[in-house]
Number of protein chains: 2
Amino acid sequence: MALVVQKYGGTSVADLDRIRDVATNVARIYDEGNDVVVVLSAMAGVTDQLIELAMRITEEPNRRELDVLLATGEQTTVALLCIMLEAMGYTAASLLGYQAEIVTDRAFGRARIVDIRVDRVKELLADKAIVAIAGFQGRDAQGNITTLGRGGSDTSAVALAAALKADVCEIYTDVDGVYTTDPNICNTARKLGRISYDEMLEMASLGARVLQIRAVEFAKKFKVPVHVRSSFKPQEEGTMVVEEEKDMERLVVSGITYSKDDARITITKVPDRPGVASRIFTPIGEAGIVVDMIIQNTRKGGLTDITFTVPKSDYQKAMGLQEKIAEEIGAEQVLGDKHIAKVSVVGVGMRSHSGVAATMFGALAKENINIMMISTSEIKISCVIEEKYTELAVRVLHNAFDLNHV
Amino acid sequence: MALVVQKYGGTSVADLDRIRDVATNVARIYDEGNDVVVVLSAMAGVTDQLIELAMRITEEPNRRELDVLLATGEQTTVALLCIMLEAMGYTAASLLGYQAEIVTDRAFGRARIVDIRVDRVKELLADKAIVAIAGFQGRDAQGNITTLGRGGSDTSAVALAAALKADVCEIYTDVDGVYTTDPNICNTARKLGRISYDEMLEMASLGARVLQIRAVEFAKKFKVPVHVRSSFKPQEEGTMVVEEEKDMERLVVSGITYSKDDARITITKVPDRPGVASRIFTPIGEAGIVVDMIIQNTRKGGLTDITFTVPKSDYQKAMGLQEKIAEEIGAEQVLGDKHIAKVSVVGVGMRSHSGVAATMFGALAKENINIMMISTSEIKISCVIEEKYTELAVRVLHNAFDLNHV
């Protein structure tokens, strides 16, 4: 007997048939003697439809009111799941964000959870009810509805699991676990049985869209064991995301990830004097643009080239800003490139193994894939390459690090 | 400068264009220097669609959860209206039932308002915001979402107007006021400038679907002036529903109403002894069936015929119950008739005028319309007739009481 928090994403509750599958799985776990708390997303596509509806009124809908609108999505799914469970003879109760006392700050549309008071949830569990909680939403101190941003339901689930001290937080999704790389481009990709929080963080932030990065941070902070598994095959084991363990599968590299979401900007012949980097990046930060990699090469004659990446969606804005700045600081020119990709190798094993970088660079070189930028952390190495080589690079690296073998 | 509560029904917020019209009207009233509180229904058809969705799961959806589901309808419209108003440059804030502290009992699906705490609304008004409140919904003492039942938004609006001591509660609907009778079947029907609460109560309960009966009761109890008017012609005066005044338009009869919603059941040759009526009506009441008219005729030999009307939707169930009871109590037989209608004349003037009944019966007799049942109250007389004569009866009575002339 355990306390299980389950989260089902939008494709898992896309219609009544899928919601019936969810109810069946929830009931099965409950019948095994567990307490079950279910966190749901909105039906697939609904959040986008609601945003589109608001955008038909104005390009910048009032954020408080947009959250009120979006919150209806999860409200609908929790009510339907509870109606389904009750019709099946179970006791079920839905709680919306404010009813579950998921308290957030007031950053509408991207609120952060600051507190969860689980008294009401515990009361319902004590009454042997299955509790379905609307993901993605909370309330601020004043009682306004807030939403947590894209993928926020993952965060809701993990935060609830932490607050409830649940035995496990199961994330049901449309993939059956975390893979060594994207199976769609590498047919030897293999499902991982376990992965550490840190590796998952790198995987999540680098483009493996299985689990929201904030949810992983939450899980790591509160040591919540997370089980990523398939809602289509709910009886199959997925991937456990857990604390790093001594006896953890001892691969040097756990996975290869890639992202095509960034663009590269280079400012050439920047006068190399104090304050120049600040001049370049302050306006970018003020415009709300997130810079990922930054590289500075020294040239001769007190000049330097500065290269950085920004999300493709902010590329035009960033280019505009930089062209103005380049003129002001007397740089030569601003070059941009949207056709780049980032491939990364991730693994806690890197901490104690040397030669990972050499293997990576060698494998890419062998295929004549030029490396434009490199950045490293304790457990990952990322290379920016030409976008057209992305799939080839992923397959080559997957093979170079022997990930196709258990 | 006044405090105006406005309520817009489903057809008035049916799509973004209609919501834009509402926003324009709200803004106009606000710009005239008034404080404005707007109560909205769900978009036309949405509540029915949500009920249908739940019914696809089970014929008897859990009532608590059904209310959670239905409450999304009004949540959507208040958010959209506020997004619209904000985009027009106004300050607007939506409040859901629980945020506006509309406290109800726990009768899910047909909750009654027990308290409204308007502090938050007053705060927002003091900040010069237009406040849009989700109609039809509230919360019980424990924080569960409740809904008020069909037409509940009218009740929300009037109750809020009472709690806020508003100067007027404007009910915007798809008709432009209260008519002497249904203009669709009597082309000389005339819009009334004023009508008393009591007359409106009789009109509402007898089938003129302009204003929900509970809303009128609320308005009467708290003396809220209600202005029924058209959302399509918002600048035209509609009908004021107010306390009966000395100088009120002094017609004997204010209106003719009709209803085709009932069916008639007769039990013949019932042994006329104490307790028999109770035997007949107790199971009907226990089955949740509302009986409207009851008539008992005495026959010879200690036998009696008992006739009553029930909603057509409960007709089969009631017939089944009565056939069983008739046998038990030794009555002769149970006769049923679904093809009946009720026509009524309503008017506070009846209190001081005699001859209204005679005029009514005479007018019907002249057209050979047979009267099957009669019931009267202080300000109305109702006759049950054959359904096929409904329209004819309405026109004849409208003419007999001179309602086509001002």
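The model is predicted. Chain A can be laid on chain B with an RMSD of 0.2 Å, and 25 residues of chain A are in contact with 25 residues of chain B. Within chain A, four strands form an open antiparallel sheet, and helices α6 and α10 of chain A are placed against strands of that sheet.

**Relation of the two chains**

- The superposition of chain A on chain B takes a turn of 179° and a shift of 0.0 Å along the axis. That is the relation of a two-fold axis.
- Which residue of chain A comes closest to the rotation axis? A:T72 does, with its C-alpha at 2.6 Å.

**Interface between chain A and chain B**

- The contact involves 25 residues of chain A and 25 residues of chain B.
- On chain A, helices α2 (46-57) and α3 (63-87) each supply at least two residues of the side that touches chain B.
- The largest share of that side comes from α3(A), with 15 residues.
- By class, the side of chain A that touches chain B has 14 nonpolar, eight polar and three charged residues.
- Of the interface residues of chain A, 100% are also interface residues in chain B, so the copies meet through the same surface.

**The four-stranded sheet of chain A**

- The strand order is β13-β18-β20-β19 in chain A, and the pairing is antiparallel.
- The edges are β13 (255-259) and β19 (373-377) of chain A, each of which pairs on one side only.
- Ignoring direction, neighbouring strands of this sheet are turned by 20° against each other on average.
- A:T376 stands opposite A:I381, a residue of β20(A).

**Helices against the sheet of chain A**

- Helix α6 (residues 197-205) of chain A packs on the sheet and touches β13, β18 (340-346) and β20 of chain A. The direction of α6 makes about 170° with that of β18(A).
- Helix α10 (residues 356-366) of chain A lies across β18 and β20 of chain A. This helix runs at about 20° to β20(A).

**Helix pair α5 and α7 of chain A**

- Two packed helices are described by the angle between their axes and the distance between the axes.
- The axes of α5 (residues 152-164) and α7 (residues 213-222) of chain A come within 8 Å and cross at roughly 10°. That makes α5(A) roughly parallel to α7(A).
- From α5(A), the contact uses A:D154, A:T155, A:V158, A:A159 and A:A162. From α7(A), the contact uses A:R214, A:A215, A:F218, A:A219 and A:F222.
- The residues of this contact divide into seven nonpolar, one polar and two charged.

**Helix pair α10 and α11 of chain B**

- At what angle do α10 (residues 356-366) and α11 (residues 390-400) of chain B pack? The angle is about 135°, and the axes are 9 Å apart. That makes α10(B) oblique to α11(B).
- The crossing of α10(B) past α11(B) is right-handed.
- B:T359, B:M360, B:A363 and B:L364 of α10(B) meet B:A393, B:V396, B:L397 and B:A400 of α11(B).
- This contact of α10(B) with α11(B) has seven nonpolar residues, one polar residue and no charged residue.

Note on methods. Residues are numbered from 1 along each chain as its sequence is written. Chains are lettered from A and ligands numbered from 1 in the order in which they are written. This is a predicted model: local features need pLDDT of at least 70, side-chain atom pairs count only at pLDDT 80 or more; totals for chains, interfaces and linings use all residues. Copies are superposed by least squares on the C-alpha atoms of residues with pLDDT of at least 70 in both. Two residues are in contact if their C-beta atoms, placed from the backbone, lie within 7 Å. Ala, Val, Leu, Ile, Met, Phe, Trp, Tyr, Cys and Pro count as nonpolar, Asp, Glu, Lys and Arg as charged, and the others, Gly among them, as polar. Axes are lines fitted to C-alpha atoms, for helices over the stretch in contact, and angles run from 0 to 180 degrees between N-to-C directions. Angles under 35 degrees count as roughly parallel, over 145 as roughly antiparallel, 65 to 115 as roughly perpendicular and the rest as oblique. A crossing is left-handed if the near helix is turned anticlockwise from the far one by less than a right angle, and right-handed if clockwise. Two strands pair if DSSP finds at least two bridges between them.
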